[in-house]
Amino acid sequence: MGIAENLLKMFSLEGRTVLFTGAGGGIGGELASALAGAGAAVALCDINVDALDKRKKLIEDMGGRAVAVVLDVTKRESIETATRAVAAEYGGIDILVNCAGVNKREGLVDVEEVTYDKIMAINLKGAFFVSQAVAPYMKEKRYGNIINIGSHNTGPILGGCSVYGATKCGLLSLTRSMAVEWAKYNIRANCISPGHIKTDLTTATWAHPGRSEYLLNRIALGRPGYPADIAGVCLLLASDASSYITGCEYRVDGGCVCGGQPWEYDTDF
Ligand SMILES: NC(=O)c1ccc[n+]([C@@H]2O[C@H](COP(=O)([O-])OP(=O)(O)OC[C@H]3O[C@@H](n4cnc5c(N)ncnc54)[C@H](O)[C@@H]3O)[C@@H](O)[C@H]2O)c1
């Protein structure tokens, strides 16, 4: 087998079906396009119907297969209805990408219960119950693959991200539980933790002169991340190229956690 043929076989998602939550967003939409480009039939799920329709058209225009399904991850009934519809449309669900997420930056003492509940309900409880609803389809096929979108804040923490950070640490822990409990059904689970990526979620931060400078100083590659920067690792984890990888976290942060920009130094020591 030649190199190209071997790579194609390892990374191809032909015949696979993927359910994305948060597919109307910057990262979820880009990941959906990437996996559709690798041959998967994708189910785009979100509460933002306009964004779903736009992404569906983009994928279809490039020759991919996509359906748009309204799914509110905070509502159990919506989760059940949407996952059933996707499984019926595609004859199962092979891969799940839990990407729906929100944040509100506030100091610990200012966080109101309603904010706490909302962030928890979308980022952590939502991913928990979407995964619980999708797992039986994977179990039936003895094949499954779950990719949870974590965050920079699973490790270092930015100020004003107490609830968000707690949800993402919880999601990483949940990833490990899925990997451990569902391995016997040949279901893998991993977490991708993006660094500082330019999307609607972070527009205000990148638009702020002081904060954007703070972030850039902490990124070794010296630039923001873009949703397309996450696509490669997502394809790796979604494909059989990573068949022995489960329960792991992958950071895609341009060298942020590793130390960021070095200070000025001389070489005369
Ligand atoms: N942008 C970053 O720098 C960054 C960094 C680390 C992690 N992340 C994570 O990546 C994921 C995607 O973020 P993004 O930057 O693309 O943000 P985004 O705001 O562009 O996308 C988030 C999507 O989630 C959807 N959503 C919100 N509530 C929902 C609900 N109840 N049910 C279903 N969908 C819902 C929104 O409609 C939106 O389309 C999030 O989990 C976020 O925490 C983002």
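Mentor: Axes are lines fitted to C-alpha atoms, for helices over the stretch in contact, and the angle between two of them is taken between their N-to-C directions. Please keep in mind that this is a predicted model.

Trainee: What makes helix 5 roughly parallel to helix 6?

Mentor: The axes of helix 5 (residues 113-141) and helix 6 (residues 162-182) cross at roughly 15° and come within 9 Å. Angles under 35 degrees count as roughly parallel, and therefore helix 5 is called roughly parallel to helix 6. On the side of helix 5 the contact includes Y116, I119 and F128, while helix 6 brings, among them, Y164, L171 and W182. By class, the residues of this contact are 13 nonpolar, five polar and one charged.

Trainee: Which residues of helix 2 meet helix 9?

Mentor: From helix 2 they are I27, E30, L31, A34 and L35, and they meet A228, I230, A231, C234, L235 and A238 in helix 9. This contact has 10 nonpolar, no polar and one charged residues.

Trainee: What does helix 2 (residues 26-37) contribute to the shell around the ligand?

Mentor: Helix 2 gives three residues, the largest share of that shell. Of the 30 residues around the ligand, those that come nearest are G25, I27, G101, T199 and L201.

Terms used: Residues are numbered from 1 along each chain as its sequence is written. This is a predicted model: local features need pLDDT of at least 70, side-chain atom pairs count only at pLDDT 80 or more; totals for chains, interfaces and linings use all residues. A residue is near a molecule or strand if its C-beta atom, placed from the backbone, lies within 6 Å of it. Helices (H or I, at least four residues) and strands (E, at least two) are DSSP runs, numbered from the N terminus. Two residues are in contact if their C-beta atoms, placed from the backbone, lie within 7 Å. Ala, Val, Leu, Ile, Met, Phe, Trp, Tyr, Cys and Pro count as nonpolar, Asp, Glu, Lys and Arg as charged, and the others, Gly among them, as polar. Axes are lines fitted to C-alpha atoms, for helices over the stretch in contact, and angles run from 0 to 180 degrees between N-to-C directions. Angles under 35 degrees count as roughly parallel, over 145 as roughly antiparallel, 65 to 115 as roughly perpendicular and the rest as oblique.
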